[in-house]
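Subject: Structure handover, aromatic contacts

Hello,

Here is the structure I said I would pass on.

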Amino acid sequence: MTSKRKRSTPPAAPEGERLETNIHTDFSGTMSYSDYLALDRVLGAQKPVSDSPDELLFIVIHQTTELWMKLMFHEVSTATEAIARDDLLPAYKMMARVSRIQAQVIQSWDILSTLTPADYLAFRDRLGHASGFQSWQYRTLEFALGDKNQALIAPYEHDPKIKAKVEAVLERPSLYDQSLRLLARRGFELAPHCLERDFRQPYRADESVKAAWLTVYRDTERWWEIYQLAEKLVDLEDWFQQWRFRHMKTVERIIGFRRGTGGSSGVTYLKKALDRRFFPELWELRTEL
């Protein structure tokens, strides 16, 4: 006689390994995490042009920086609109968020600095003339903060849609322009050319503006709301300049003083950017307090 074997039932998984009963596992008819974030497109956007195993790092760092810049521009633009309508509390929050984002982006340069000169040279020539200098989001962020330069629109001539976006930001009042208009609305006497001017042109420091900010800093209790705005501006520029500095030092570490792939002077160009101010009077007044 042949004995029938009894089928053994698999032991139940330990309680700590079981899914909670309310966790959803069937997404055939509803939106999943991957759907919401469009991860198929995001994770499929890394397309190396060489066989170098280090190129993926280079691409990911720059793509994530572009995402952070998208958020920074959104926050700066929304803060600018809030200041224009005298709604300062939301503006403080948005500006503080930008500073924290900048801290995050600065740390990304530490990751990119693990790319040695030999690593980068293995695929640098494959980039052609593509360069971070051409980042239109970075340019609009600079323009939104007040660092205007009409000549920097030239790299976007080939793409009318991008050019139009950058030009629109160039032509409108910056975060600092709206802050100065706020000062005027609060009773400070500013030179008329500081309030109504060609916003495509770079802002130039003015003694009437410095005098207004000095009044705020010398009586912070009376002007506390505006003083808070001033310090948020300083904090934002401080972090932005640290970002610029880490960019410059990372480039110097990887390629030295070679010319950039986009044709710029590379490190030399980046060093010049460190001398440009968004909010000049807020830095100048500290010597006179």
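F240 and F278 are both buried. This is a predicted model, and the values here are computed from it. The rings of F240 and F278 form an edge-to-face pair, 5.0 Å centre to centre with 85° between the planes. F240 belongs to helix 11 (residues 224–255), while F278 is in the loop between helix 12 and helix 13 (280–288), so this pair links distant parts of the chain, 38 residues apart. Both residues also belong to a cluster linked by ring pairs, together with Y138, Y176, Y203, W243 and F279.

In total, the structure has 14 aromatic pairs. Another of them joins F133 to Y269, again edge-to-face, at 5.3 Å between centres and 75° between planes. F133 sits in the loop between helix 5 (117–121) and helix 6 (136–145), and Y269 sits in helix 12 (residues 267–273); the pair therefore ties together parts that are 136 residues apart in sequence.

Are F133 and Y269 buried or partly exposed? F133 has 24% relative accessibility and so counts as partly exposed. Y269 is partly exposed too, with a relative accessible area of 22%. The cut-off for buried is under 20%.

Last, the ring of W283. The charged end of R277 sits over this ring, 4.5 Å from its centre. The charged end of R286 also sits over the ring of W283, at 5.9 Å from the centre.

Regards

Note on methods: Residues are numbered from 1 along each chain as its sequence is written. This is a predicted model: local features need pLDDT of at least 70, side-chain atom pairs count only at pLDDT 80 or more; totals for chains, interfaces and linings use all residues. Side-chain values use heavy atoms; hydrogens and water are left out. Rings of Phe, Tyr and Trp (its six-membered ring) pair if their centres lie within 6.5 Å; planes under 30 degrees apart count as stacked, over 60 as edge-to-face and the rest as tilted. Helices (H or I, at least four residues) and strands (E, at least two) are DSSP runs, numbered from the N terminus. Buried means under 20% relative accessible area, exposed over 50%, partly exposed in between (1.4 Å probe, protein chains only). A charge sits over a ring if NZ of Lys or CZ of Arg is within 6 Å of the ring centre and within 35 degrees of the ring normal.
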